[in-house]
Amino acid sequence: MSDHTHEHGDACGCGHDHEHDHEHEEFVLTLTDEQGNDVEMVLVETFDVGENMYALLLERENPEADGIILRVEEENEEMMLYNIEDEEEWKAVEAAYNELVAQQED
(Lines give C-alpha, C1' and ligand atoms only; values in the text may rest on other atoms or scores of the structure.)
Protein backbone atom coordinates (compact mmCIF):
# COMPACT_ATOMS: atom_id res chain seq x y z
CA MET A 1 0.00 0.00 0.00
CA SER A 2 1.10 3.49 -0.64
CA ASP A 3 0.01 6.79 0.82
CA HIS A 4 -0.25 9.91 -1.25
CA THR A 5 -1.81 13.33 -1.01
CA HIS A 6 -3.95 14.93 -3.70
CA GLU A 7 -2.86 18.48 -4.25
CA HIS A 8 -5.34 19.87 -6.74
CA GLY A 9 -6.85 23.31 -7.09
CA ASP A 10 -10.51 23.89 -6.26
CA ALA A 11 -11.55 23.68 -9.93
CA CYS A 12 -9.61 20.59 -10.97
CA GLY A 13 -12.79 18.55 -11.49
CA CYS A 14 -11.32 15.36 -10.03
CA GLY A 15 -14.38 14.76 -7.83
CA HIS A 16 -12.29 14.27 -4.68
CA ASP A 17 -12.15 16.27 -1.50
CA HIS A 18 -8.84 18.10 -1.58
CA GLU A 19 -5.81 17.92 0.67
CA HIS A 20 -6.50 14.52 2.13
CA ASP A 21 -4.54 11.32 2.53
CA HIS A 22 -5.80 7.91 1.47
CA GLU A 23 -4.36 4.51 0.78
CA HIS A 24 -4.40 2.49 -2.43
CA GLU A 25 -4.42 -1.25 -1.96
CA GLU A 26 -2.08 -3.24 -4.17
CA PHE A 27 -3.82 -6.20 -5.83
CA VAL A 28 -1.27 -9.06 -5.92
CA LEU A 29 -1.72 -12.38 -7.72
CA THR A 30 0.56 -15.39 -7.69
CA LEU A 31 1.01 -16.97 -11.11
CA THR A 32 3.09 -19.98 -12.09
CA ASP A 33 5.61 -19.41 -14.87
CA GLU A 34 6.65 -21.88 -17.58
CA GLN A 35 9.37 -23.33 -15.31
CA GLY A 36 6.87 -24.01 -12.50
CA ASN A 37 8.03 -21.08 -10.34
CA ASP A 38 5.50 -18.95 -8.47
CA VAL A 39 5.74 -15.28 -9.43
CA GLU A 40 3.93 -12.48 -7.60
CA MET A 41 2.25 -10.15 -10.08
CA VAL A 42 0.65 -6.77 -9.39
CA LEU A 43 -2.49 -5.69 -11.20
CA VAL A 44 -1.51 -2.37 -12.72
CA GLU A 45 -4.47 -1.55 -14.90
CA THR A 46 -7.58 -2.93 -16.54
CA PHE A 47 -9.04 -1.84 -19.87
CA ASP A 48 -11.86 -2.90 -22.15
CA VAL A 49 -11.71 -4.05 -25.74
CA GLY A 50 -15.15 -4.63 -27.16
CA GLU A 51 -17.16 -6.54 -24.58
CA ASN A 52 -14.11 -8.05 -22.85
CA MET A 53 -11.97 -6.72 -20.01
CA TYR A 54 -8.20 -7.19 -19.91
CA ALA A 55 -5.67 -6.81 -17.10
CA LEU A 56 -2.07 -5.61 -17.28
CA LEU A 57 0.12 -7.38 -14.71
CA LEU A 58 3.72 -6.61 -13.75
CA GLU A 59 6.11 -8.67 -11.64
CA ARG A 60 6.02 -7.35 -8.08
CA GLU A 61 9.76 -7.82 -7.54
CA ASN A 62 10.76 -6.74 -11.06
CA PRO A 63 8.41 -4.01 -12.32
CA GLU A 64 10.84 -3.17 -15.13
CA ALA A 65 10.31 -6.60 -16.72
CA ASP A 66 7.81 -6.99 -19.53
CA GLY A 67 4.26 -7.15 -18.25
CA ILE A 68 1.59 -9.56 -19.33
CA ILE A 69 -1.96 -8.93 -20.46
CA LEU A 70 -4.65 -11.46 -19.63
CA ARG A 71 -8.38 -11.58 -20.39
CA VAL A 72 -10.61 -11.15 -17.32
CA GLU A 73 -13.85 -13.13 -17.10
CA GLU A 74 -16.36 -13.49 -14.31
CA GLU A 75 -17.27 -17.04 -13.35
CA ASN A 76 -19.49 -17.86 -10.39
CA GLU A 77 -19.03 -14.30 -9.07
CA GLU A 78 -15.21 -14.67 -9.15
CA MET A 79 -12.81 -12.96 -11.51
CA MET A 80 -10.76 -15.41 -13.58
CA LEU A 81 -7.72 -14.62 -15.76
CA TYR A 82 -7.10 -16.31 -19.11
CA ASN A 83 -4.29 -16.28 -21.64
CA ILE A 84 -5.09 -14.67 -24.96
CA GLU A 85 -4.55 -17.46 -27.47
CA ASP A 86 -6.47 -16.16 -30.48
CA GLU A 87 -4.23 -14.08 -32.78
CA GLU A 88 -7.05 -11.75 -33.88
CA GLU A 89 -8.02 -11.10 -30.26
CA TRP A 90 -4.38 -10.42 -29.37
CA LYS A 91 -3.99 -7.93 -32.23
CA ALA A 92 -7.07 -6.01 -31.04
CA VAL A 93 -5.88 -6.03 -27.42
CA GLU A 94 -2.35 -4.95 -28.38
CA ALA A 95 -3.71 -2.07 -30.49
CA ALA A 96 -6.01 -0.93 -27.67
CA TYR A 97 -3.19 -1.12 -25.13
CA ASN A 98 -0.81 0.85 -27.37
CA GLU A 99 -3.51 3.51 -27.81
CA LEU A 100 -4.02 3.65 -24.03
CA VAL A 101 -0.28 4.13 -23.48
CA ALA A 102 -0.13 6.87 -26.13
CA GLN A 103 -3.04 8.72 -24.46
CA GLN A 104 -1.31 8.54 -21.08
CA GLU A 105 1.91 9.95 -22.53
CA ASP A 106 0.10 13.04 -23.85
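## Reading a sheet, a helix and a core

β4 and β5 form a hairpin with two residues between them, and Gly50 in the turn has a positive phi of about 60°. The model discussed here is predicted.

Trainee: Over how many bridges does β5 pair with β6?

Mentor: Five, again in the antiparallel sense. In that pairing Tyr54 stands opposite Arg71 in β6.

Trainee: In what order do the strands of the sheet lie?

Mentor: Five strands make an open sheet, and the order is β3-β4-β5-β6-β7, with antiparallel pairing. On average, neighbouring strands are turned by 45° against each other, direction ignored.

Trainee: Which strands does α1 touch?

Mentor: α1 packs on the sheet and touches β4, β5 and β6. The direction of α1 makes about 85° with that of β4.

Trainee: Which residues make up the largest nonpolar core?

Mentor: In soluble globular proteins, nonpolar side chains tend to be buried together. In this model the largest such core has eight residues: Phe47, Val49, Tyr54, Leu56, Ile69, Ile84, Val93 and Leu100. β4 (38-49), β5 (52-59) and α1 (87-105) are the elements that each give two or more residues to this core. A second, separate core has five residues, among them Leu29, Val39, Met41 and Leu57.

Trainee: What is Leu56 in contact with, leaving aside its neighbours within four places in sequence?

Mentor: The contacts of Leu56 are Val42, Leu43, Val44, Glu45, Gly67, Ile68, Ile69 and Tyr97.

Trainee: Gly50 has a positive phi. Where is Asn76 found, and what is its phi?

Mentor: Asn76 lies in the loop between β6 (68-75) and β7 (78-82). Its phi is positive, about 50°, although Asn76 is not a glycine. Glu77, in the loop between β6 and β7, also has a positive phi, near 65°, without being a glycine.

Trainee: Are Asn76 and Glu77 buried or exposed?

Mentor: Exposed means over 50% relative accessible area. Asn76 has 77%, so Asn76 is exposed. Glu77 has 75% and therefore counts as exposed.

Notes:
Residues numbered from 1 in each chain as written. Predicted model: local features only at pLDDT ≥ 70, side-chain atom pairs only at ≥ 80, totals over all residues. Heavy atoms only, no water. Core = buried A, V, L, I, M, F, W, Y, C linked by side-chain atoms within 4.5 Å. Buried < 20%, exposed > 50% of the residue type's maximum accessible area, 1.4 Å probe, protein only. Helix = DSSP H or I, 4+ residues; strand = E, 2+ residues; numbered from the N terminus. Contact = heavy atoms within 4.5 Å. Pairing = 2+ DSSP bridges. Axes fitted to C-alpha atoms, helices over the stretch in contact; angles between N-to-C directions.
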